[in-house]
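This briefing covers a helix pair, a chain contact and a domain contact. Please look at the sequence and the model before reading the points.

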Amino acid sequence: MLRKRWSYIAVRILSLVLLFSGMNLLYKHVFFEKDLQKYSSIINLIRDVPPDVDIIYLGESSNNTAHEDDQDKRKISDFIADYYPGLALYDMTKPAAHAGIFKVLLQQLPAESEVETLIVTLTLRSFNAQWIHSPLETSLQKSLVLLLPNPPLFNRFLLSFKAYEIKTKEEREQDFKKQWVEDKLHFPYEFPHEDVSQWNRWMAYKGIRDEQGEIDRAQTELACHYIKAYGFQIDTLENPRIADFDAIVELALHREWKLVFNLMAENMEKAGQLVGEDLIFLMNQNRELLKHYYGSKGVIVVDNLSSVEDQFFIDQTWTTEHYAEGGRKTIAKGVAAALLTWYPDEYRDARY
Amino acid sequence: MLFNTIDFAIFLPVVVLIYYLIPSKFRWVLLLAASYYFYMSWKVEYILLIVISTLVDYFSGIRMGKLEERRSRLPWLILSLCINLGLLFSFKYFNFASENLNVLFSKVGLAGKIPMHELLLPVGISFYTFQTLSYSIDVYYGRQKAEKHLGYFALYVSFFPQLVAGPIERYSRLAPQLRERHILSYDNLVNGLRLILYGLFIKMVIADNISPIVDQVYANPENYASGHVLIGIFLYSFQIYSDFFGYSTIAIGSALLLGVRIMDNFKSPYLAKNISEFWQRWHISLSTWFRDYLYFPLGGSRVSKYRWVLNILVVFLVSGLWHGANWTFIIWGLLFGLIYLIEHVLNRSLKLQKEHSAYSAGHLLLALKTFFLVTILWVFFRSQSFGDAMHIFKLIVQNAPSDPQQLLIPLSTWIFLLLFIVSDVFLYKRRFDSWVSGMHFLLRWAIYGVLLFGIIAFAGVENFPFIYFQF
């Protein structure tokens with residue numbers, strides 16, 4: 001009786017195993033590619049990488065945004081390539097991408113790829129609450145599910161059952177507003193505001209005054225925006241972006257890639273003018289933290305944070321890392337100088 | 001926590017496993033904690049509403065249970081009705097009432113304006129409010145003894161499989177099962193899983209693939225040729241059915257895994273021969289609620305002809321309003337009432353119904369007629385306003401855009417929809433679990449394979465919450 005029961009159960013378990021194996025084969029060979037193109041076309045960025053490329057530049061919109069008056073509208077990565085004409089440099093640019101996206105993309109890079117060096121865009125702003133809880137996150141995370149290192153059918157199962165963080169725009173807004181209150185600011189001197197939320201409210205109330213002493217609404221709004229964008233202190237244990245960059249470092253170690261983190265320029269000039277030294281203090285503190293934290297892990301961190309002047313920032317009413325030609329060339333120059341460590345013989349002065 | 005998410009796929013097996021591992025006297029604690037956790041996964045604060053409803057109805061029930069005279073129980077019933085319906089009104093109908101009163105005020109020249117609130121509608125408030133009200137009313141009428149155990153009562157109000165979108169259960173059916181000492185039964189386990197599998201299939205593969213197509217048509221109907229608008233309307237009939245039927249089937253299957261049998265909510269409603277039968281097959285737990293707690297107390301059919309007509313219209317109007325705070329729902333309900341009455345008169349005089357057995361040609365024709373009528377009425381249900389609904393009807397007749405947008409429907413969607421329709425025909429007289437249990441092993445496993453593969457490989461990937469959650 002017991003034997004019969006066990007064989008009954010065994011037949012069913014075996015049927016299930018066969019069923020899933022068959023389904024995985026069917027899915028992998030007939031439907032997977034179509035789903036990849038439909039839901040995770042980001043994979044094409046990796047597929048397009050030539051096998052004999054030496055350097056990959058991982059960027060977001062900062063790489064390919066140009067000003068309409070630019071003489072040379074090429075990307076930052078193109079300008080870097082000008083310094084190393086003998087090396088094959090390939091750029092992988094995805095707007096609004098961050099380290100979490102780069103990490104998954106790099107995991108897809110085939111083992112036979114001859115890539116030696118990665119230049120990864122490191123944007124200070126991507127560590128702030130607003131970017132971490134960006135409304136774009138849901139669709140970005142969704143686009144990565146099929147690329148996870150699992151059997152294709154299992155990944156499709158995860159996609160079908162929404163195994164990624166689904167939040168509405170309103171919920172994400174609530175999340176970053178909550179973080180603005182919960183993350184306390186610590187200064188080595190007396191500072192009147194406990195958190196970004198208080199600081200922002202104070203600025204909105206006090207306002208930026210024009211020459212006539214009237215509140216300049218546009219400038220005040222921009223000042224508030226700068227506080228919300230840069231008023232934070234990176235916690236290396238809690239900040240999810242740190243975890244993503246750490247994973248890239250680990251992957252690079254494993255795959256023996258040389259790693260450059262390109263700390264992008266922010267408009268510190270404007271931050272100082274609008275908000276003052278307190279905000280500059282926080283930006284510098286975060287800069288030093290990132291440089292030391294990743295420097296100690298063997299990564300070259302190119303410090304471009306304050307290298308671009310206000311005039312080269314395309315967006316003057318918002319915080320972005322979009323630079324006019326002069327700014328892009330400055331960033332490229334910084335990265336090119338860093339690459340000298342590994343490629344001294346390949347370097348040619350592009351005279352930017 | 002939606003049924004079709006990875007969270008629920010982890011939550012349910014964990015709860016079921018612990019449920020059968022712990023002594024039965026502690027199971028109510030587990031289920032109550034699980035149910036509250038389940039509800040709080042939407043919005044933590046709103047658990048307070050369930051707690052308030054629970055406490056008010058528990059203490060009202062206790063007080064009513066101690067009183068012999070029905071008349072003396074009345075204040076406690078009124079208290080229960082006021083608190084429960086008051087909460088429902090505040091969250092669901094307040095803005096609608098304010099908006100309409102403000103329009104009225106401005107028309108008669110009054111300057112005052114009632115402010116509106118921006119509170120989110122708590123998930124499932126209409127469902128658990130009606131469930132807990134049925135208990136209070138039953139205790140009032142002496143049909144149900146008052147529950148003395150607060151824990152079991154709280155569990156009755158919040159039992160997670162049917163908490164947020166029904167089926168709306170009666171105390172006399174659900175509560176005794178929650179107290180029972182269930183042992184792990186192979187039949188319950190297998191049938192529960194079969195129902196969950198089928199429910200997930202019709203929600204994730206049918207409803208979620210149709211949903212974006214319907215949304216496209218309803219968002220910009222003027223961009224589509226008349227034929228495509230018509231397709232959008234018909235697809236909505238299948239979307240709302242598969243969405244809600246899918247939810248109910250998963251709920252019934254999940255409860256069955258815990259040994260609890262909750263009532264069926266759908267029985268192939270689009271095969272109904274008339275509107276009356278449609279409502280005996282569509283959202284059965286709500287229809288029977290309105291029958292028992294509104295239609296019968298109003299006098300049912302044991303009143304004068306005119307009063308009966310009024311009773312029918314009142315029941316359908318309230319049913320429409322239950323679905324949402326919008327004139328479109330009221331019109332939808334009233335139109336159902338009117339068609340019900342017209343059919344009643346025609347059926348009596350022409351004797352159309354009784355001669356047709358199931359699956360006969362006559363049945364098929366009448367079912368098509370009912371489906372067509374219901375589909376027309378769904379336009380009011382789906383539209384944002386009465387004007388939008390009329391706009392859709394107008395476009396069906398005369399829309400011919402110079403450069404019509406194409407309505408792209410993948411072949412797989414048509415194939416799965418056809419499979420669903422065929423299965424629904426087979427399920428006219430029985431439920432999915434009993435239907436497949438009678439099949440040959442190979443055929444049964446072939447069906448499991450199709451359903452599983454469909455769910456995994458063809459499920460819609462956008463996040464479409466169950467439509468009835470908004471009610």
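Val196(A), Trp199(A), Asn200(A), Met203(A) and Ala204(A) of H10(A) are in contact with Thr220(A), Ala223(A), Cys224(A), Ile227(A) and Lys228(A) of H11(A), where contact means C-beta atoms, placed from the backbone, within 7 Å. The model is predicted: local features need pLDDT of at least 70, side-chain atom pairs count only at pLDDT 80 or more, and totals for chains, interfaces and linings use all residues. Residues are numbered from 1 along each chain as its sequence is written, and chains are lettered from A and ligands numbered from 1 in the order in which they are written.

**Helix pair in chain A**
- Helix H10 (residues 196-206) and helix H11 (residues 217-230) of chain A have axes 9 Å apart and pack at about 170°.
- H10(A) is therefore roughly antiparallel to H11(A) (an angle over 145 degrees).
- Seven nonpolar, two polar and one charged residues make up the contact of H10(A) with H11(A).

**Chain A with chain B**
- Chain A gives 17 residues to the contact and chain B gives 15 residues.
- On the side of chain A, helix H1 (2-39) and helix H8 (152-160) each supply at least two residues.

**Domains of chain B**
- Domain 1 (6-183) and domain 2 (187-273 + 356-470) come from the domain assignment of chain B.
- Their centres, taken over C-alpha atoms, are 29 Å apart.
- The contact joins 19 residues of domain 1 of chain B to 17 residues of domain 2 of chain B.
- H7(B) gives the most to the domain 1 side, with four residues.

Methods. Axes fitted to C-alpha atoms, helices over the stretch in contact; angles between N-to-C directions. Parallel < 35°, antiparallel > 145°, perpendicular 65-115°, else oblique. Contact = placed C-beta atoms within 7 Å. Nonpolar A, V, L, I, M, F, W, Y, C, P; charged D, E, K, R; others polar. Domains from an automatic or database assignment.
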